[in-house]
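Here are a few exercises to work through with the structure open in your viewer. Try each task before you read its solution.

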Amino acid sequence: MDTKEALFKYCLRLADNNLVLGHRLSELCSNGPILEEDIATTNIALDLIGQARHLYQYAAEVEGKGRTEDDLAYKRAEREFYNTLLSEQPNGDFAVTIARQFFIDVFDYYFYKELLNSKDERLKELAARAIKEVTYHLRHSTQWILRLGDGTEESHKRLQTAVDGLWMYTGELFEMNEVDEILIKEGIAPNLNDIKTKWESKVSEVLAESTITKPEDGWMQTGSRKGMHSEHLGYILAEMQYLQRAYPDAQW
Amino acid sequence: MENQELEILFQQKIDREEKIEPKDWMPEAYRKHLIRQISQHAHSEVIGMQPEGNWITRAPSLRSKVVLLAKIQDEAGHGLYLYSAAETLGVTRDEMLNALHEERAKYSSIFNYPTLTWADIGAVGWLVDGAAIVNQVSLQRTSYGPYSRGMVRICKEESFHQRQGYEIMAHMAQGTPEQKAMAQDALNRFWWPSLMMFGPHDSDSAHSAKAMRWKIKRETNDELRQKFVDKTVQQVEVIGLTIPDPELKWNEEKGHYDFGEINWDEFYNVISGNGPCNKQRLSHHKKAHDNGAWVREAAEAYARKKQKSVAA
Amino acid sequence: MSKQDNQWPLWEVFIQSKTGLPYKHAGSVHAPDKEMALQNARDVYTRRSEGTSIWVVLSDNIVASNPDDQEAFFDPANDKVYRHPTFYVMPEGAKHI
């Protein structure tokens, strides 16, 4: 694999993460616990899908085969998507939505901070834009973790269940493969081991303050770096890609 | 002062085009009328999120996805502004939501029609928002201050909504034969319900006369409907679609389009709960509300705990 | 059940559109506490870059003058034109004053 191919795949991974999580949040539109929260969730979804678009556009440029952002989002199959298993997990109740968001926000926050040092100018620019958005996302999800964890007995129980249930997907956030190796050497991508340490300390701190017990690290699910997903992704794509697939000659 | 005397002063103020503010004296019937109208308007924005939300996950391009999402978010925001305006009249949002759930309050019956294809998202943005905008532009001059200010903000923000819908329709009308058929079909299904959005004929409207005298409404249902038809016909022609009304014809003498009679039987049936989606829309809203109860309670419980610990 | 439910307290939102300008009332939001009120205000009222800074205050904490007092409160200022610069006659030709 050369640097160009690695960079292409790397951009796809980041874009897929944002698109799939943005898709999940967009499913919540008109389903929020209160109108204000509906608007907040939509803001985050818009940020994420916006980031995905920039990343797909860059991926398409790097690839240089004339594909567009929509080709990349709408015309790849399940095994060609590289988003994390965590990002595709169903919304569940509000506690699951918030726990999933929080784990990813903490990751994104430290990740984009590191990506600001990338030797790739475009990724650096993207990171500068994303870090502002992600800082707010993290603030939002942290506030909710505190309120649900230390709110009522019921909310505490629900959040603990959500955290326990999603924990097995968190290990994968930090997995690295050949793509990372190549790009770390070039100074383009951050080393995810460094991010893992920061992630763990931040997550421990917030969970402790919210009176939630941090789960023991056990068996971690894996697969997305090779395009192996949970059954959920197939349905996301079936829904998302339906019009493009049903009318391949149409422009939208 | 006697009520009668106050009422005369109130009407004089309205006639001078002065705005009524929350703490001003107002006839109880004026307050009631406003609460009914503004909360109905707010519910419409919020329930209106559903038929459009139906297509967010299936939007055919990333651009159309973010645009649609931003638009629906605006509807949520507009619902919120309107609830706030109604709250200045002494009713709580909780009470308004209860009234909605118990079917004591209504919302625009247009949202009881389903969005079946992607072209329907075009039709909703173009025709439904288009009709709403005609009404809302007029309401910017409504006599109640908070409602009027809310309308000004909403009109400003909504200016892109109709374009979003028209762009989808225009694109599809010039696309493949299948796309064009979808666009025409959407126009066929949404045309008449859009005209119904302006409400019954003035002669049949229970609240119209009073609302006009109090300048809550500034133009009548029929005047607004005519405005909408007049400006929309040309837009239909430009993109090569056909309005499903054989009686539609330019009337040189009046300087307006003549158009056919609305199916009022359908209108009253949809209003009274027999539309294709009435039950679905309401149960969706209730479900989200009920599912959110523990979240709202948790946040309140947390706030109470923190306040106690500050006080202690 | 929904009878006892509620929508959180109401907060008034004031937004400064540019540094140096006064804060202007933008509308209101519901929120359980001040941190969330600030966030909700940001999410609801600055979607189109309307602001650089936000104030939120519990609606209950706002004290408003009563419309019945309007004359007593505000009319006395009407005949004090000497508070406005145009009240004064300046000699012909004087500059920068």
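**Exercise 1.** Work out how many salt bridges the rule finds across the interface of chain A and chain C, and how much area the two chains bury.

*Solution.* Keep in mind that this is a predicted model. Start with the charged pairs: the rule finds 2 salt bridges between chain A and chain C. For one to look at, go to A:R147 and C:D33, whose side chains meet with N to O at 3.0 Å. That passes the test, because a salt bridge needs a Lys or Arg side-chain nitrogen within 4 Å of a carboxyl oxygen of Asp or Glu.

Next, the contacts: 11 residues of chain A touch 14 residues of chain C. Together the two chains bury about 1,300 Å², with 56% of that on carbon and sulfur atoms. On the chain A side, A:I34, A:E36 and A:Y136 supply 43% of the area buried against chain C, more than any other three residues.

**Exercise 2.** In chain B, describe how helix 6 packs on helix 8.

*Solution.* Get the geometry first. Helix 6 (residues 118-139) and helix 8 (residues 177-196) of chain B pack at about 30°, with axes 9 Å apart. Therefore helix 6 of chain B counts as roughly parallel to helix 8 of chain B. The crossing of these two chain B helices is right-handed.

Now the residues: those from helix 6 of chain B include B:W126 and B:L127, and among their counterparts in helix 8 of chain B are B:F190 and B:W191. Sorted by class, this contact has 13 nonpolar, 1 polar and 2 charged residues.

**Exercise 3.** Repeat this for helix 6 and helix 9 of chain A.

*Solution.* Helix 6 (residues 121-149) and helix 9 (residues 192-209) of chain A pack at about 40°, axes 8 Å apart, in a right-handed crossing. A:L138, A:T142, A:I145 and A:L146 of helix 6 meet A:K202, A:V206, A:L207 and A:E209 of helix 9. The classes come out as 5 nonpolar, 1 polar and 2 charged.

Notes:
Residues are numbered from 1 along each chain as its sequence is written. Chains are lettered from A and ligands numbered from 1 in the order in which they are written. This is a predicted model: local features need pLDDT of at least 70, side-chain atom pairs count only at pLDDT 80 or more; totals for chains, interfaces and linings use all residues. Side-chain values use heavy atoms; hydrogens and water are left out. Axes are lines fitted to C-alpha atoms, for helices over the stretch in contact, and angles run from 0 to 180 degrees between N-to-C directions. Helices (H or I, at least four residues) and strands (E, at least two) are DSSP runs, numbered from the N terminus. Angles under 35 degrees count as roughly parallel, over 145 as roughly antiparallel, 65 to 115 as roughly perpendicular and the rest as oblique. A crossing is left-handed if the near helix is turned anticlockwise from the far one by less than a right angle, and right-handed if clockwise. Contact means heavy atoms within 4.5 Å. Ala, Val, Leu, Ile, Met, Phe, Trp, Tyr, Cys and Pro count as nonpolar, Asp, Glu, Lys and Arg as charged, and the others, Gly among them, as polar. Buried area is the accessible area (1.4 Å probe) that two parts lose on being put together, summed over both.
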